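Reader: I have a chain to go through with you. Please take me through its charge pairs and its surface.

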Amino acid sequence: MRPRSGTLVVDISGEKAEHYEGVYQCTARNEHGTAVSNNIVIRQSRSPLWSKERNEPIVVQEGVSLVLQCRPPAGLPPPIIFWMDNNFQRLPQSNRVSQALNGDLYFSNVLKEDSRNDYICYARFPHTQTIQQKQPITVRVLNQAPVDERKPSFLIPSGPSSSKMVLRGQVLEMECIAEGLPTPDISWTKVSGELPAKRTSFLHYHKTLRIVNVSESDSGDYRCTAGNRLGSVHHTIRVAVKAAPYWISGPPKNLVLAPRETGLLICRASGTPKPTITWAMNGIPIENSPKDLSRKVEDDTVMFTDVQSGSSAVYQCNVSNEYGYLLSNAFVNVLSEPPRVLTPANKVYQVIRNHQALIDCSSFGSPIPKITWFKDSRSSTLDGDPYILHDNGTLEVHVAQARNSGKYICVARNTLGIYENHVYLEVKEPTRILKQPEYKVVQRGRSVEFECKVKHDPSLIPTMTWLKDNGELPDDERFIVDSDSLTIADVVESDEGVYTCIMNTTLDHDSASAELTVVEATPTPAVAYDRPDAPTDLELTDQREKSVQLTWTPGDEHNSPIQKFLIQYEDSLHHRGHWHNLTEVPGTKTTARLKLSPYVHYTFRVLALNAVGLSHPSFPSRMYKTNPSGPDENPTGVEGFGTEHDNLVITWKPLSGLQSNGPGLQYKVMWRQKEVEKDWTSVTVANVSKFVVSGTPTFVPYELRVQAVNEYGVGPEPAIAHGHSGEDLPVAAPDNVQVLVLNSSLAEVHWDPVPPKAIRGRLKGYKVYYWRERSLHKHNPHHVEKQILTFSGNHSHGMLPGLHPFSLYSFNIRVYNGKGEGPASPSQQFETPEGVPGIPSSLTVTNPNLDSLTLEWAPPHDRNGRLTGYTLKYQPAVASRQVDIATQGWFIGLMCAIALLILILLIICFIQRNKGGKYPVKEKEDAHTDPEFQPMKDDDCTFGEYSDNEDHKPLKGSRTPSNGTVKRDDSDDSLVDYGEGGDGQFNEDGSFIGQYSGKSASRETAEGHESSEAPSPINAMNSLNSFV
């Protein structure tokens, strides 16, 4: 026996193998018990030689039947038979000539060409890899007299009926070979039922019926029929299916029991005939084993009750009948062991959102540990939706969401202890192709680019792969793969095909495909454009529970490429006659995967759009009905409010018929008082969008949930909404009310806010009611007109503006909520100080004289205090004069001065010209090239560009500032230096005194004088004070 192994090695090189033939069984034992193996039968393979015999030639008349017998020697295992000729070529077989299951060669009728002398039967022994050959058989076919045609008759089997037995699970082969002229055809039927189509086949030109994996249902009568044009013949084969023992629910399972526990070993099997069951313990028949009061055997079950330590053993169950047996070992281990969790600690599980998450907690212990799961803070056990706890301790999240991420705590507990293990779940975002590659038509020699933009979870490492026609891309440098695109340069015809981008992560993947078509560049003549024709040939394929593939054939584009296809649907179950837009696909596609809702009777149609417009709709597709299912969404807009002080009205936006996913749509309305009640109160309603909860406390917060329910299930776990029960009028007024008068028209009030419980609703604010009781002046009448000032929100003070001075005011404060106002605080009073009085109510002039007049007035309406006197102001009224400038003396003097200046200049020019010399100023002008100075012309002794009709403008060459004064240039050459007289100004009557001055300081003085004005004859108002 091989060391450290149960393998038995037999060396038969020096001995005969038949010495070791027999039945072997392996036994393994240790301190806990003994296990035994199945019987192992060892037989030596045999391939005996064919017995020497001389085969006489066989002479037959043409048209008769013939059987050539093979009769190979018996081998172990049996040989495989086939017929060949001297050249080792298989002899041709047909409907007329075929080999039977026993190896004989059958001729339904012989022909002249069947004559030959090399019919050789070969037997191949597969285990020894040898082939034995029978002596050749010679057949001679005579054609001496024609043979009459005849109806079929069976060569095998014989008689009208026969029987056959087969074991369950094996292969059943039945054959019928008939002779006749012409050659008969064979057909098969089952008398008592149908042939099992998936397990049935016909061999040897329909002469053999073969059924694999036989079951009890295959028993019964089978009929083979042989027929030709002269008639038919039948043979019935009665098949009986027997069965060696087989397990019904699997072999007995090992038991781990704690002391004083109870358990069962079950050995449940069947067979035909019914098998017998025997038990053994540690290889010894159980009736011969030591007595154990905790053990009781009843047929196929061993019951253990109140087991004790030290009673561990291996039990054998043997199930047998005449066709075979089953043997199984089961270890019953009586063990006391505290719990252990076998799942590695801190293991991280990663799953894609909306997929199933399975978190393991494999444990061991005796008694069997009870598994409990917690998440994060251990606030509660995970034993309800969306969690499912399996018997093996695995925690399932059927549809994982981001909120399910976090730390999970698995606690294994039995009577001997407790064990805790921490694992982590990470819910990742799915990988999605946002922009799919699109169908491309490109001219040969151009470049083309397929885009494939992908969104994936940032914590996962993506890998982009491109395929062409589901294979690798060609090894060609023209193919350039980027992070989100594939570019093909210098396109050739062989580049045509379907290109697929696949984005893989460690958890999921997504893919999309597009086709490339390569065309030759051809000039396009002028064409006419029109809307496309309607698509045709709508077909629904790849039908799934919530999706279907729609394909169509585009209509004529009319020379304007189709930009997109619009897919519409009609729901004949909920909205018959109404077509709704479902989706759009690019104009390069002719197929679309449509996402469907449950419980809808869909009919689809397609419209095409190009630059001209939209086509007519296609003919509708056939109807596609989706099965009902539970809702996959819940109502939205859940709100809670009260209409009375003791109710809560829960409202929601109901689901549409399309959203219901099935018949019998109802709503499970749930509510509980926030932070007070732990359990939810619920009611299920139908055909409404609100529910009124009565008898609630006044204005308390509630948590609300509304879940959709139909006959096929419930919607997802609904989100929690928040609301309040109804409000009631406040029951308290603000306390500690105080007032501070700031001035004669403004006061500030203060108060303590009302406690929330006394508000009994949602605080809207505070209202200050105030009114003027009366003026403090005895002459003013009593006046009461209430005013309201509202302060929204939780205020504790506010200003009262626009008060009347010197008045007595009263006020109180009330809190208000959505229901109304509460009681008023005790009214308080305050006084405003004196203010500025109003204007006298009237003013009258009486008794006017040349030197006096009398004024009379009435007191103001608003005295705003005690009047102490009046102030009287007056001023004389003066008539205004209009002056004609043309008649003013200063204007006449100015004109005379200008004329005199021009005359002097002309004289100087004339004298200079007669002398033939240069005016001294000219030298300075030549020395100073002032670009803005314009010299006199030598030929006519005039100034350049001078115009005598613009006497109000300065001479060209001077600079005039914006204030109208004349300032010197940088040049010293100016007529001002040669002018005579003092300041350039006018007298009071407007006469001219002087135009130029040699000093700049004098000029500044002149400027100041020019800007002065004569004083007004009346420049003051007299005041007269009168005191009362």
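Reader: How many salt bridges does the count come to?

Author: This is a predicted model, where local features need pLDDT of at least 70, side-chain atom pairs count only at pLDDT 80 or more, and totals for chains, interfaces and linings use all residues. Side-chain values use heavy atoms, with hydrogens and water left out, and residues are numbered from 1 along each chain as its sequence is written. A salt bridge here is a side-chain nitrogen of Lys or Arg within 4 Å of a carboxyl oxygen of Asp or Glu. By this rule the count comes to 32 salt bridges.

Reader: Why does the pair of Glu 451 and Lys 435 tie together parts of the chain, and how many residues apart are they?

Author: The two side chains of Glu 451 and Lys 435 meet in a salt bridge, 2.6 Å from N to O. Strands (E, at least two residues) and helices (H or I, at least four) are DSSP runs, numbered from the N terminus. Glu 451 lies in strand S42 (residues 448-451) and Lys 435 in strand S40 (residues 432-435), so the parts tied together are apart in sequence by 16 residues.

Reader: Where does Arg 478 find its salt bridge partner, and which residue is it?

Author: Arg 478 sits in the loop between strand S45 (471-472) and strand S46 (479-481). The partner sits in the loop between strand S47 (485-488) and strand S48 (497-504), 17 residues apart from Arg 478. The closest N and O atoms are 2.9 Å apart, and the partner is Asp 495.

Reader: Is Asp 495 buried or exposed?

Author: Arg 478 has a relative accessible area of 17%, so Arg 478 is buried. Asp 495 has 2%, which makes Asp 495 buried.

Reader: Which residues do salt bridges that share partners join into one network?

Author: Glu 451 and Lys 435 are a pair already named, with a salt bridge of 2.6 Å. Shared partners put both into one network: Lys 435, Glu 451, Lys 453 and Asp 484.

Reader: Which residues form the negative surface patch?

Author: Patch residues have over 30% relative accessible area and no salt bridge; like charges are joined within 9 Å, and nonpolar side chains (Val, Leu, Ile, Met, Phe, Trp, Tyr) within 5 Å. Glu 557, in the loop between strand S51 (547-553) and strand S52 (564-571), has 35% and so counts as partly exposed. The patch is formed by Asp 530, Asp 533, Asp 556 and Glu 557.

Reader: Which residues does Val 307 touch?

Author: Val 307 is in the loop between strand S28 (301-304) and strand S29 (313-321). With a relative accessible area of 1%, Val 307 is buried. Contact means heavy atoms within 4.5 Å. Not counting residues up to four places away in sequence, Val 307 touches Leu 257, Ala 258, Pro 259, Arg 260, Glu 261, Ser 294 and Val 334.

Technical notes: Accessible areas come from the Shrake-Rupley method with a 1.4 Å probe; for residues, only the protein chains shown count as cover. Lys and Arg count as positive and Asp and Glu as negative; His and the chain ends are not counted. The place of a charge is taken as NZ of Lys, CZ of Arg, CG of Asp or CD of Glu. Buried means under 20% relative accessible area, exposed over 50%, partly exposed in between (1.4 Å probe, protein chains only).
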